[in-house]
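Subject: Structure handover

Hello,

Here is the structure for your files. Please open it alongside this note.

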Amino acid sequence: MPDSNLLVRCATRRAEVVRQLAAAGGGVALLPTAPEAMRNRDADYPYRHDSYFYYLTGFAEPHSLLALQVGADGSSRSVLFCRDKDVEREIWDGFRWGPEAAREAFGFDAALSINSLDAELPRLLADQPAVWWPFALQAGLETQVERWLAAVRAQVRAGVTAPRTQHDLCAILDEMRLFKDAYELDVIRRASAISAQGHIRAMQASSRGLRQPPQQGLREYHLEAELLHTFRQGGSQAPAYGSIVAAGANACVLHYRASDAPVRAGDLVLIDAACELDGYASDITRTFPADGRFTGPQRALYDVVLAAQAAALEASVEGARFTDPHDAALRILAQGLLDHGLIPRDAAPDADAVIATGAYKRFYMHRTSHWMGMDVHDCGDYAEPGAALDIQPDGSRKRPARILREAMVLTIEPGLYVRAADDLPAAFHGIGIRIEDDIAVRGGGQPCEVLTAAAPKTVADIEAVMR
């Protein structure tokens with residue numbers, strides 16, 4: 001049976017969508033789940049539901065669609081379209097609910113066969129003022145919606161009217177998903193705890209593999225295997241994203257994937273990997289010495305990144321702007337680049353000049369944060385909704401950055417990446433460092449909650465756990 005806590009929350013979320021659609025005059029909301037995808041020949045990719053769909057339904061089967069019919073007076077009807085019950089197919093593919101059982105178990109007003117979609121959708125859309133669906137979410141969905149609307153328009157001589165307006169349903173759902181309730185935060189905490197154990201296991205496997213005979217043959221994929229083992233052993237359904245396990249200079253490739261490159265004593269290893277649990281992601285990056293001991297140059301840059309992250313965490317408080325953690329981290333990174341000779345002072349005499357000229361971008365080319373939740377790069381506006389446009393120095397206009405509020409979840413992940421070059425100190429060549437945690441913004445002036453704190457990140461803690 002589905003989790004009753006989850007279903008209560010899904011029902012509450014649907015009620016909020018109904019409230020907002022009723023306030024807008026009513027209409028029909030359509031939300032399909034993700035399609036299945038073939039990997040090659042007869043092998044499919046492991047199926048993963050669409051996050052928006054799961055957020056409102058808790059239903060994880062493919063070939064499903066949710067329809068919400070909403071009146072301007074707040075009356076509503078929820079209809080799930082799903083696969084028919086098929087005992088023979090269940091022998092091959094596993095259990096499926098079927099419409100009648102799904103309606104009762106998941107709390108919908110009605111449930112129908114997905115095979116009846118083309119016949120039923122025009123009926124649901126008839127005489128409705130508007131249709132809401134997720135724009136640009138799935139290829140071909142707009143064609144389906146137009147086909148259903150065309151079937152309604154074909155009845156105009158019978159006095160049937162089609163919806164006059166179409167709206168992006170994600171505009172409502174993005175704002176809802178940006179704020180996590182207690183249930184969601186608890187799941188993310190549990191996912192983070194599993195992921196933290198995976199990082200500890202990978203650190204220990206690295207030092208053990210290099211310190212014990214035969215001291216040969218340790219590869220990046222061996223460390224990835226330790227992560228994946230821990231994720232599944234902890235009850236996670238899958239990694240939240242493709243694991244990055246990058247040894248040595250590979251850490252300077254931001255979206256590197258675990259490969260067969262050797263892990264050698266004296267290397268730093270950057271691991272950006274975490275699990276998904278019950279539909280929610282975690283996201284952790286740790287950088288550690290492959291053999292358990294930092295060299296002088298490695299520690300020098302590591303301390304800069306760690307200090308930058310500490311400054312960003314301190315800035316991640318209720319009422320701050322989304323960009324404040326980035327700005328706080330950037331100032332520390334800029335000063336560190338000057339202090340260690342990676343940016344010459346005759347090019348930029350101080351941190352302000354490093355930032356103003358963009359000289360830091362050679363070593364730090366990404367932002368410090370992103371939203372996180374059901375998707376590792378979660379939905380949500382990064383600009384403050386409804387705020388007046390600010391005039392920029394170049395004359396352009398844009399909205400100010402989002403104000404951080406309680407129950408928002410985001411990452412804090414500064415880094416430095418030093419690719420080998422003739423004009424840079426050789427001691428720093430090939431060093432790539434990123435330190436990433438997930439945080440929840442707390443109210444009442446409290447500091448943020450670091451959800452991933454169980455993964456070691458100070459030099460002392462990393463070296464201790466690797467001993």
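Below are the findings, grouped by topic.

This is a predicted model: local features need pLDDT of at least 70, side-chain atom pairs count only at pLDDT 80 or more, and totals for chains, interfaces and linings use all residues. Residues are numbered from 1 along each chain as its sequence is written, and side-chain values use heavy atoms, with hydrogens and water left out.

Pockets

A pocket here comes from a 1 Å grid over the protein atoms alone: it is an open set of points where a 1.4 Å probe fits, with protein on both sides within 12 Å along at least five of seven lines. Lining residues have an atom within 4 Å of a point. Grid points are joined across faces, edges and corners, and a volume is the space filled by probe spheres set on the points.

The largest pocket holds about 450 Å³ of space. It is lined by 16 residues, and Tyr47, Arg48, His49, Gln237 and Glu276 are the closest to its centre. Its lining has 9 nonpolar, 3 polar and 4 charged residues. For these classes, Ala, Val, Leu, Ile, Met, Phe, Trp, Tyr, Cys and Pro are nonpolar, Asp, Glu, Lys and Arg are charged, and the others, Gly among them, are polar.

The second largest pocket holds about 380 Å³. Of its 17 lining residues, His255, Asp272, His370, His377 and Glu413 are the closest to the centre. The lining has 4 nonpolar, 6 polar and 7 charged residues.

Strands E18 and E19

Strands (E, at least two residues) and helices (H or I, at least four) are DSSP runs, numbered from the N terminus. Strand E18 covers residues 415-418 and strand E19 covers residues 431-434. The two pair in the antiparallel sense over 4 bridges; pairing requires that DSSP finds at least two bridges. Leucine 416 has isoleucine 433 of E19 as its bridge partner.

Both faces of E18 are covered. Gly415 and Tyr417 are buried on one side, Leu416 and Val418 on the other. Buried means under 20% relative accessible area, exposed over 50%, and partly exposed in between (1.4 Å probe, protein chains only).

Arginine 434 is in E19. Its relative accessible area is 3%, so arginine 434 is buried. Its side chain makes two polar contacts worth a look. One is with the side chain of aspartate 272, at 3.0 Å. Another, of 2.8 Å, is with the side chain of tyrosine 417. A polar contact is a pair of N or O atoms within 3.5 Å; within protein, one must be able to donate a hydrogen and the other to accept it, and residues adjacent in sequence count only if both atoms are side-chain atoms.

Backbone

Most residues other than glycine have a negative phi. Histidine 63 has a positive phi of about 55°. Histidine 63 sits in the loop between helix H2 (51-57) and strand E4 (65-70). Its relative accessibility is 42%, so histidine 63 counts as partly exposed. Alanine 407 also has a positive phi, near 80°. Alanine 407 sits in the loop between strand E16 (397-398) and strand E17 (409-412). At 14% relative accessibility, alanine 407 is buried.

Cysteines

How many disulfides does the structure hold? The count is 0, with a disulfide taken as a pair of cysteine sulfur atoms within 2.5 Å. For cysteine 275, the nearest cysteine sulfur is that of cysteine 379, 20 Å away. Cysteine 275 is buried, at 0% relative accessibility.

Regards
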